[in-house]
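Hi,

Here is the structure I promised to pass on.

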Amino acid sequence: MIPDELRQRIEQTLKADKVVLFMKGTKSFPQCGFSARVVQALKGQGAEFKDVNILTDPALREGLKEYASWPTFPQLYVNGELVGGCDIVVDLEAQGKLGDVVRG
């Protein structure tokens with residue numbers, strides 16, 4: 001069970017920005033290939049997004065897995081809703097739908 005304080009922090013982060021990417025590293029210095037691929041896809045769409053480095057916050061990293069019922073990172077959220085991880089983002093990009101999703 002996620003502590004209330006952590007749940008509130010996650011929800012505040014999601015409310016503060018339309019597009020949020022919880023990732024390993026930062027958008028200027030991704031620290032895993034999957035995170036780098038999602039950053040590349042988002043930048044390719046000209047998307048403005050908030051990056052949150054889960055490597056610097058183990059409690060957030062574990063809490064997000066439960067919050068989203070999604071065990072891996074990166075996790076892309078738009079308007080507070082989980083879009084998915086790397087495979088889903090890459091699929092959306094390949095279908096030409098990623099821009100619509102992030103602008104949605």
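Let me start with Glu-93, which counts as partly exposed because its relative accessibility is 24% (buried means under 20% relative accessible area, exposed over 50%, partly exposed in between, with a 1.4 Å probe and protein chains only). Its side chain meets that of Arg-37 in a salt bridge (2.5 Å, N to O), the term standing for a side-chain nitrogen of Lys or Arg within 4 Å of a carboxyl oxygen of Asp or Glu. Arg-37 lies in helix α2 (residues 33–44) and Glu-93 in helix α4 (residues 86–94), so the pair ties together parts 56 residues apart in sequence. Helices (H or I, at least four residues) and strands (E, at least two) are DSSP runs, numbered from the N terminus.

Before I go on: this is a predicted model, where local features need pLDDT of at least 70 and side-chain atom pairs count only at pLDDT 80 or more, while totals for chains, interfaces and linings use all residues. Residues are numbered from 1 along each chain as its sequence is written, and side-chain values use heavy atoms, leaving out hydrogens and water.

The whole structure has three salt bridges. Another one joins the side chains of Arg-9 and Asp-57 (2.7 Å, N to O). Arg-9 lies in helix α1 and Asp-57 in the loop between β2 and α3, so this pair links parts 48 residues apart in sequence. Asp-57 counts as buried, at 17% relative accessibility, and Arg-9 as partly exposed, at 34%.

Lys-65 also forms a salt bridge with Glu-62, with the closest N and O atoms 3.2 Å apart.

Best wishes
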